[in-house]
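Subject: Structure for your files

Hello,

Here is the structure you asked about. My notes on it follow below.

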Amino acid sequence: MLLAKKVPVFYLIRKVRYDLMYVIIVAIIVHGLTRQLYPYLPEMPLGIPTFLGTAISVLLSFKMAQSYDRWWEARKIWGAIVNDSRSLVIQLQTFLLKENTEKTIRTMAYRQIAWCYCLGQSLRELDPLANMKTYLSPEDYEKIAKHNNKPLAIMQLNAEEMKKFRKANEIDGFTHMQINSTLSRLIDSMGMAERINNTIFPVTYKMFLHFSIYIFVIILSIALRNVDIYYEIPLLVALSLVFFLLEKTATHLQDPFMNRPSDISVTSIARTIEINIKQLIGEKDIPPPIAPEKFYIM
Amino acid sequence: MLLAKKVPVFYLIRKVRYDLMYVIIVAIIVHGLTRQLYPYLPEMPLGIPTFLGTAISVLLSFKMAQSYDRWWEARKIWGAIVNDSRSLVIQLQTFLLKENTEKTIRTMAYRQIAWCYCLGQSLRELDPLANMKTYLSPEDYEKIAKHNNKPLAIMQLNAEEMKKFRKANEIDGFTHMQINSTLSRLIDSMGMAERINNTIFPVTYKMFLHFSIYIFVIILSIALRNVDIYYEIPLLVALSLVFFLLEKTATHLQDPFMNRPSDISVTSIARTIEINIKQLIGEKDIPPPIAPEKFYIM
Amino acid sequence: MLLAKKVPVFYLIRKVRYDLMYVIIVAIIVHGLTRQLYPYLPEMPLGIPTFLGTAISVLLSFKMAQSYDRWWEARKIWGAIVNDSRSLVIQLQTFLLKENTEKTIRTMAYRQIAWCYCLGQSLRELDPLANMKTYLSPEDYEKIAKHNNKPLAIMQLNAEEMKKFRKANEIDGFTHMQINSTLSRLIDSMGMAERINNTIFPVTYKMFLHFSIYIFVIILSIALRNVDIYYEIPLLVALSLVFFLLEKTATHLQDPFMNRPSDISVTSIARTIEINIKQLIGEKDIPPPIAPEKFYIM
Amino acid sequence: MLLAKKVPVFYLIRKVRYDLMYVIIVAIIVHGLTRQLYPYLPEMPLGIPTFLGTAISVLLSFKMAQSYDRWWEARKIWGAIVNDSRSLVIQLQTFLLKENTEKTIRTMAYRQIAWCYCLGQSLRELDPLANMKTYLSPEDYEKIAKHNNKPLAIMQLNAEEMKKFRKANEIDGFTHMQINSTLSRLIDSMGMAERINNTIFPVTYKMFLHFSIYIFVIILSIALRNVDIYYEIPLLVALSLVFFLLEKTATHLQDPFMNRPSDISVTSIARTIEINIKQLIGEKDIPPPIAPEKFYIM
Amino acid sequence: MLLAKKVPVFYLIRKVRYDLMYVIIVAIIVHGLTRQLYPYLPEMPLGIPTFLGTAISVLLSFKMAQSYDRWWEARKIWGAIVNDSRSLVIQLQTFLLKENTEKTIRTMAYRQIAWCYCLGQSLRELDPLANMKTYLSPEDYEKIAKHNNKPLAIMQLNAEEMKKFRKANEIDGFTHMQINSTLSRLIDSMGMAERINNTIFPVTYKMFLHFSIYIFVIILSIALRNVDIYYEIPLLVALSLVFFLLEKTATHLQDPFMNRPSDISVTSIARTIEINIKQLIGEKDIPPPIAPEKFYIM
């Protein structure tokens, strides 16, 4: 997540540097051509590029809205993971009525912490087993290492734990169901995050919009051919910059688990969950929140 | 689902080739007519086509938003199918407390895999029984072959299985209800996908928008009659191309189960479910994910 | 529901014929007046009607979006009715564990089919009792005939049936609750469809938008007074046609249960439910789907 | 709720009469000033007011969309109240298995009717106890009269009734829970209606938009200073009228419980609930639906 | 929450005073430069700044819509807190069947009141323990003081209370589950409010929009260089003011828990909950509602 007020200009410009270069090249070529062909060319009324620019801004706004919705949905999913993780621990504490359940609760709570980190890593296509040994027992680690979908395997471990309780008659069917539906909701959240990660935003939509911005630049540079090139190029760059920067922002919002500074800060959220859960189970050794990088937090 | 960065230009142009031809024909006819009638014709101010173009871009953006919502809803439905399929298996494993249930769980899990493929095929109006023999027993296959709605028939088989368990008192009413509501959610998802597939996007909306684009082309070509035809036609084509391509994209997003490259990749999703479920039940022989075609994945 | 590709032009034009007539009359009057008063009139810059036209297109797009949402919500409600009707039958089959329940299930399933047709008819303000004798026993028919709200009365019959089962201890409280919540969801869907049907889309919103289109036509015809009337009228008609047709489409989408070709096809959906339910309970005599009319399906 | 086709022009104009007066005054003052200062004034290009007008129409459309959403949410809440009220009665009838419960069901059903009227009155800041004696026993009336939040007090009465049943073991914990969750949903609906009623639509948003319309009027009247005042004023009034009327419509939609003709028709909805409930419990004396006023229904 | 009709102009202007200053400085600099370079400068057609202005208004409207959604979501979350707090108390009263539970209900109800105030304070980064001693026992106060997340600790206390009841067999598993899910919903609401508070609105989106407004001001001031500076500056200020004020409104809506007058009025809502709960448990000493400040209520 980018932090307010600290994003360096360099970071922003780098995102659109190729497009700006192309704009400058297009402007110079069009300028050169129109100079050559001046006597043969009819006038291009300014109304045409400005109408096209308005159309692009409308289309871009809608695309931005859809990208924002994807990003916000992703954030909501991780918000639900925070809620369900905390509720799971409180439920275990309140529903396990027998004595000496602290140890099992601790194991399950640690698995839940592990699940959060593991899901974040696997969404970002980083090593999903990183640090897993801190939170999981060696046997658990063995079991999940064999699975393709590691977070799903961790969930299965907790589900099996509940089954053991149920078979030993330490909980009734009712409690079993309750905790199971919390686990189901967590599996749902995982599936929803995977869906956002695996679904490519409609490619043609993106391409046509990008293509329209170039048509806009070309037509506008034709319409401005009477303008001296030293004024024309900054103007073209400024106007197309607005479009390209917003387009890039939209693209980054669409895919919020790409290990980029504009990501949803899943590692930091997982740490918050760790802190909350550890305090709920009365652990002493609470880690500090994740510290932000220069202008973002992962 | 179209894959990012690989879509060939040919594929895109082919989608709008007729409309582009019409635009060129309209431009030539209007050009010819206005040349003939030049002295009698009043001037068409450019403000009229550009305002109409802006209006069309606004209307098109809204239509795009509605089409995108349909597509994203369809994707969400299949995401829910992934979640509920995985939850169903974990629920069976955790709620069936008696010994020797592995075989039944395996049968039900395979039926669930079959259901996913079968639903994908029947939404695309392909043979819903394709490959069903791989996942279903001969008796099951017989039963569903007689039904109009094959996926519903598969669901009924699993519901009957649960009833047998219940009657044999292997599960309590509670567990019965839990698993039944997972089955109900899957039937709901199926119904929702069928709804999107069977509901035609408001026809008149589509027609009027298409009609407006042609009015725009005609009026713009009248307004540009002073412009030489060699400049006018590329300009008309470029501007109308933006509209036609976006309109086509919207149309494709609206109907995401038409066996087209722009479809939701239901076969690939069903395969992911197969892989996940097989690992959950401890199968050894896990199939690989569906490989993408040249520029898309089904 | 209008069918794609078959809607006759005549049907479309008839919807806006009065508005087009008014536009032509307005254009002729304004033209006449401006001719008379020519020397006294200042010029009307074209920027004013085109800005107003843009404004109208924005407002119209939003209204379209809201109307579309109403229509899509209505369609979703009927989709939920499909899902819950099928789930109800599967639930009855899986939860009624005693022998010889086929007959009761059949009675309840037929009542559910009756309910779907009856609700469709009463939403469209047609005879809600049409064909009810096919699906209901004479006693049931008697009972519902006395009620104002026939579909609610059918639901009450099924709820009473479940109570009888419960009192005879054929089902436990648990199952009772499960089936009861399916019935509740169906009552909710009915209430939601009634809500859409009984709530008038904000009248003033509609009026002001319609009024704006006329202001646009008047101002535009003043701005075009230099243009010959033979060119002006087709232009005014073409531009206002786009607005009026979209406005009419929005109006039709808003009210999807008016017994019009653009309705949600509730009779056809009820038939689909009938086919599905009859196959689930093993009936032999399955009716065919509703055949479409010339360009629509009811 | 305003009724279609009957709203008198007088009602509409009265809503914006002050704003129209201000527009006329502004136009005359600007006209006078520009006449005086004519030689010193540069030209105001028409592009500036028309761009501002477009911007306002976009902003106004969004505000309209948000107001419409508030209104539609309010209508949905009352739709949910209809559904849950009917479901409550059917649940009581189906879940109370002992004999001689008709009287209690009748008392609770009447309380539910009372709650609907009482909530409507208290949202509109009218006397919440009006007509309560018709539906409540004297003791109940006493109890709720002491509470600040009367509808909440009525709900508490019904919740206590269920507790009595439970203590007397006439219902099991299961049924208790079921009916309790219907009561909870009704309390939620009440809270949601209160939320809409108590939350002021962002004040600054409203003010800036209103302020922009005046800036638009001033700039436009400067731009039109060459136009004769007899043409200019009707034009300014017509254009600003579109904005003011839509703004007013938005404002009225935002606050749907203000005892205004444009309100959600809560009294009429409460009557529908009364009719439905009374028929469900077999009452003979069914009141007629609320008759509409001249052009609206409350 | 800002109160309608009372917001002083001073408050509004102060929010954008720096931006207005920059606009005036930019205008003067551009004016000076263009005067100097007049002979060398080509003309800047007005179409370019007006198209850019339209584009900005579209983008700003979308941003406003997204900010409004965040604000409205935050308000809904607090609405849900109102509902669940009231439901919790009614549930305790209706589900605790044994005698002499009033004292425990009172303790839990007071904890719930404390939780509402505490959550409001901690969202606003004020002292979360302020006034907590009024509502909590000294022991409870001790316990929560040690936690990082105070509201979560209060919830844990109530969850433990229910466990004690369950262990003492005063409630059955069923009731336990019911009340527990109300507590879970409250934890969810807390998590959702924290999510809105901790998630920074996409920074780059905000920056580019702000940057575009400045480009608009520069280009417009170049286009207006022929206009006398005494007319130009008020015009630039008026137009950019509309943008800056709306941008500021959007920014304030985005972050509704910042201890600003435009906040969601969480203290006032917590007081309403206190009043409602105290009346439900029959307390005599009911506090008055929070009185508004000059033009807002916290």
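**A partly exposed aspartate**

E:Asp69 is partly exposed, because its relative accessibility is 48% and the class covers values between buried (under 20% relative accessible area) and exposed (over 50%), with a 1.4 Å probe and protein chains only. This residue sits in helix α3 (residues 47-95) of chain E; helices (H or I, at least four residues) and strands (E, at least two) are DSSP runs, numbered from the N terminus. Patch members have over 30% relative accessible area and no salt bridge, with like charges joined within 9 Å and nonpolar side chains (Val, Leu, Ile, Met, Phe, Trp, Tyr) within 5 Å.

**How to read the numbers**

The model is predicted: local features need pLDDT of at least 70 and side-chain atom pairs count only at pLDDT 80 or more, while totals for chains, interfaces and linings use all residues. Residues are numbered from 1 along each chain as its sequence is written, chains are lettered from A and ligands numbered from 1 in the order in which they are written, and side-chain values use heavy atoms, with hydrogens and water left out.

**Chain A**

Chain A has 11 helices and zero strands. Its radius of gyration is 27 Å, well over the 19 Å that the globule rule gives for 298 residues, so chain A is more spread out than a compact globule. That radius is taken over C-alpha atoms, and the rule is 2.2 Å times the number of residues to the power 0.38. Along the principal axes, the C-alpha atoms of chain A fill a box of roughly 95 × 35 × 30 Å. Of its 298 residues, 67% count as buried.

A nonpolar surface patch in chain A consists of A:Tyr18, A:Met21, A:Tyr22, A:Ile25, A:Ile29, A:Leu33 and A:Leu37, with about 680 Å² of accessible area together. Areas come from the Shrake-Rupley method with a 1.4 Å probe, and for residues only the protein chains shown count as cover. A:Ile25 belongs to helix α2 (residues 17-37) and is partly exposed at 41% relative accessible area.

**Salt bridges**

Side chains of opposite charge can pair when their charged atoms come close. Over all chains there are 56 salt bridges, each a side-chain nitrogen of Lys or Arg within 4 Å of a carboxyl oxygen of Asp or Glu.

- A:Arg111 and A:Glu161 pair at 3.0 Å, N to O. The two are 50 residues apart, in helix α4 (residues 102-123) and helix α7 (residues 150-167) of chain A. A:Arg111 is buried at 6% relative accessibility, and A:Glu161 is buried at 13%.
- B:Asp140 and B:Arg111 have their closest N and O atoms 2.7 Å apart. B:Asp140 lies in helix α6 (residues 138-145) and B:Arg111 in helix α4 (residues 102-123) of chain B, so the bridge ties together parts 29 residues apart in sequence. Both residues are buried.
- D:Glu274 and D:Arg271 form a salt bridge at 3.6 Å between the closest N and O atoms. Both lie in helix α11 (residues 266-280) of chain D, three residues apart, about one turn of the helix. D:Glu274 is buried, with 3% relative accessible area.
- A:Glu73, A:Arg195 and B:Lys76 are joined into one network by salt bridges that share partners.

Regards
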